[in-house]
Amino acid sequence: MLVTGAPGIGKTTGLEYAGHFFTGTPLEEILAAEIQGNPQLTEEKLVASYDLGKLIKEGERIVIPNRFLGCPVKIIDEGNRIPADNLSIIMRLVDTGKAVYGGQVLEAVPGPLFLTANYADEGTFQLTPPFLDRFDVATMVTSPQPWDLRKIRERGDEKLNGELNKLLEIPENLKLDFNQIRKEIKKIDQKVEYEVPVVDAFVDFLYSSLRFSEAASKNLARATKGNAWRINQDNAVSGHFIDSPFNYSLNELSVRTVRAIQRYAKAYAWFNGKDKVELNDLKTILPYLLWHKVQPSSKALAEDQIFENDRISFVEDLVEKVETDYYEVLGSDALKYYSAGLNALRTGMIKDKNGEDRKLSEDEIRNLVKASISKLSDVDKPYALTFASHLSSEFNSRANGSKK
Amino acid sequence: MSKEIRSLIPVKPDGLDEIAQDLLKPATTSPLNTSIDLREFLRLETVDPNLNPIELLVEKYPIKVDKRVKQVLTSLDYKLVNIDASGNILSGDYSSENIWVPNRLGHLNWFEQLPLLEHFNSQRLTLRQFKDFISLLKEAKDGRKKLYDGLGSIVDENEINKILDVLIKKEDPWRSEYLDTKFEVKNDKVILHEGHYVDNTSLSLPLEQRIKAKYKKEIDKDSILMQDGFTSFKYLNDYGLATKIEGNEVYYLHPSNNAVAGFDADSDWADLVCGRNPGYLDLALGVRRAILIK
């Protein structure tokens with residue numbers, strides 16, 4: 001998790017204590033393992049080092065993982081004070097929970113990894129998009145509200161009155177069984193409408209809506225923002241579509257992000273005591289999973305300058321735009337043409353006027369798919385391109401499959 | 001059959017079979033489906049083969065084989081034929097192959113024109129629609145009606161004259177175009193087949209056998225002229241067939257069995273042909289696209 005906010009408002013302290021209470025890891029252990037971001041951090045300080053005694057005396061290279069890897073709660077404080085070169089060392093760790101030192105793969109103890117980042121000042125570096133993409137979730141911590149500040153003051157100063165150890169005790173009934181929780185989250189299902197899981201459908205639509213880029217290529221397969229490496233939404237000349245959701249972001253969602261969305265939506269539904277994840281669960285968590293990854297285009301910023309600061313509002317607005325398109329699709333003829341073509345490919349059957357099932361010939365399937373794509377070509381929306389591409393892809397797979 | 005193919009979006013299955021059935025039918029005409037230049041079309045209020053009022057966009061001149069049309073012809077597997085300066089074919093057997101020439105549509109017979117028209121979601125004019133088209137042009141020439149192009153702009157007098165000249169002026173070269181109407185002559189009836197389309201449900205059949213008609217109308221032989229001769233456009237009936245020999249505007253060639261309609265003009269005459277072999281080819285043959293708009 002990436003945690004951003006102004007300095008001195010309790011980001012790191014909050015994480016240390018939350019880490020302790022959620023995992024049961026002693027606070028001392030968390031503090032000892034914590035990495036303080038600075039430009040001089042080395043691989044040895046971040047990941048592991050050689051046993052110097054053995055190396056000098058016996059010439060043997062024994063790798064000793066540092067405490068950071070061995071702690072279930074990993075905190076990198078002020079991570080944006082670490083230069084990009086050094087951050088790349090822990091990139092794999094954030095992504096896979098594994099690190100490499102001296103050619104040896106080291107497995108980190110499972111548990112959350114937090115990185116705090118103050119807002120930019122003269123001593124900070126820009127966190128790169130690939131690095132940010134590895135953080136599934138991010139939150140902005142604001143300074144406490146005045147009424148909360150009073151509570152903090154009235155709580156007493158545990159550093160002065162020595163009651164910290166007592167406060168750190170975790171009541172037995174609040175101890176968490178992570179294995180059990182994971183099992184329960186895994187069981188969380190989603191509503192399926194007409195054989196299509198609705199949450200997955202929306203996530204796929206969101207992914208598709210943001211990835212399209214007219215500037216990237218004239219070939220639909222390559223017309224994605226990931227391929228717009230020289231000319232992006234901001235410096236390309238205006239394309240055919242000027243007010244679609246993809247116009248509002250510079251980058252697309254990674255597969256890693258899409259997988260995280262599904263995981264976190266389930267977790268959120270579980271947290272609320274549900275046995276099924278719904279679109280509302282998804283929409284609640286999306287801003288916190290995307291704001292640090294999706295960059296607004298100049299069109300989005302022209303629409304509301306506040307998005308430059310408030311990326312959560314930007315993502316909320318973007319998701320709303322996608323949702324508008326999504327509901328338009330649900331009632332559209334485009335969806336019917338697409339589905340009719342897809343049904344033919346899927347079943348190879350059609351019901352005739354008397355309601356009798358009839359097998360379609362290969363020529364008929366081809367003609368039906370061709371006609372579906374032709375109808376979709378009349379729909380002046382990027383989603384129609386996605387539908388047409390999907391039909392074409394499934395038709396080609398079918399044709400290639402039948403040749404084998 | 002793959003069961004793994006899944007829709008990206010949930011969709012209610014009700015009515016999908018009807019949509020699939022519709023998609024299997026020939027393409028419906030819609031100007032939105034085409035990449036046409038509306039300035040090259042005229043608005044024509046006319047009737048469908050059941051005599052119900054409709055409005056068409058009708059091409060000002062027979063289709064030109066430009067870059068776009070060449071692309072379409074290639075995509076339809078029509079083959080380019082090499083011809084010399086005199087129009088002689090240097091390769092290819094034009095009686096059995098789908099072929100086309102660089103500048104004119106020429107070597108597509110009545111059957112072969114249809115896939116091209118369908119690609120543009122267009123059709124040929126029926127005899128009656130052709131009669132209305134000529135009437136509209138003549139009335140516009142005389143100032144009795146305004147002629148609008150596909151964008152709704154009024155067509156000026158010079159252009160009206162040019163369109164009419166290309167169509168009916170008695171001058172060479174010989175120009176010709178096919179119309180949609182096909183005839184069946186049976187006993188004392190003439191049966192008009194109109195609204196032709198390519199039935200794509202059985203691609204193994206030759207094109208000629210896949211062309212079907214949406215409309216069929218029987219009329220008594222007695223009600224029309226069953227002989228050739230000069231007539232006038234005003235003596236064409238509701239189906240565009242001549243009813244008497246009088247005037248000298250157009251030479252009428254009466255319907256014959258399994259023949260199709262066409263219209264020609266050269267330095268001798270303009271003739272309305274109802275007895276043309278649909279397999280007939282000629283370099284000067286063309287077709288005019290008509291698009292149903294309402």
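Reply: The lining of the largest cavity has five nonpolar, one polar and four charged residues, where Ala, Val, Leu, Ile, Met, Phe, Trp, Tyr, Cys and Pro count as nonpolar, Asp, Glu, Lys and Arg as charged, and the others, Gly among them, as polar. This is a predicted model, in which local features need pLDDT of at least 70 and side-chain atom pairs count only at pLDDT 80 or more, while totals for chains, interfaces and linings use all residues. Residues are numbered from 1 along each chain as its sequence is written, chains are lettered from A in the order in which they are written, and side-chain values use heavy atoms, with hydrogens and water left out.

Me: What makes a space a cavity, and which residues line the largest cavity?

Reply: On a 1 Å grid over the protein atoms alone, a cavity is a set of points where a 1.4 Å probe fits but cannot get out, whereas a pocket is an open set with protein on both sides within 12 Å along at least five of seven lines; lining residues have an atom within 4 Å of a point. The residues lining the largest cavity include B:Val47, B:Asp48, B:Arg128 and B:Tyr239, and its space is about 50 Å³, a volume being the space filled by probe spheres set on the points, which are joined across faces, edges and corners.

Me: What is the volume of the largest pocket, and which residues lie nearest its centre?

Reply: The largest pocket has a volume of about 2,100 Å³. Its lining has 47 residues, and A:Pro112, A:Val137, A:Phe178, A:Tyr264 and A:Ala267 lie nearest the centre. By class, 29 of the lining residues are nonpolar, seven polar and eleven charged. H13(A) gives the most to this lining, with nine residues; helices (H or I, at least four residues) and strands (E, at least two) are DSSP runs, numbered from the N terminus.

Me: Why are S2(A) and S5(A) called paired?

Reply: Two strands pair if DSSP finds at least two bridges between them, and S2(A) and S5(A) have two bridges, in the parallel sense, so they count as paired. One bridge joins A:Gln36 to A:Asp77 in S5(A). The open sheet of five strands runs S2-S5-S8-S1-S9 in chain A.

Me: How much area do chain A and chain B bury between them?

Reply: About 3,200 Å² is buried between chain A and chain B, 66% of it on carbon and sulfur atoms, buried area being the accessible area (1.4 Å probe) that two parts lose on being put together, summed over both.
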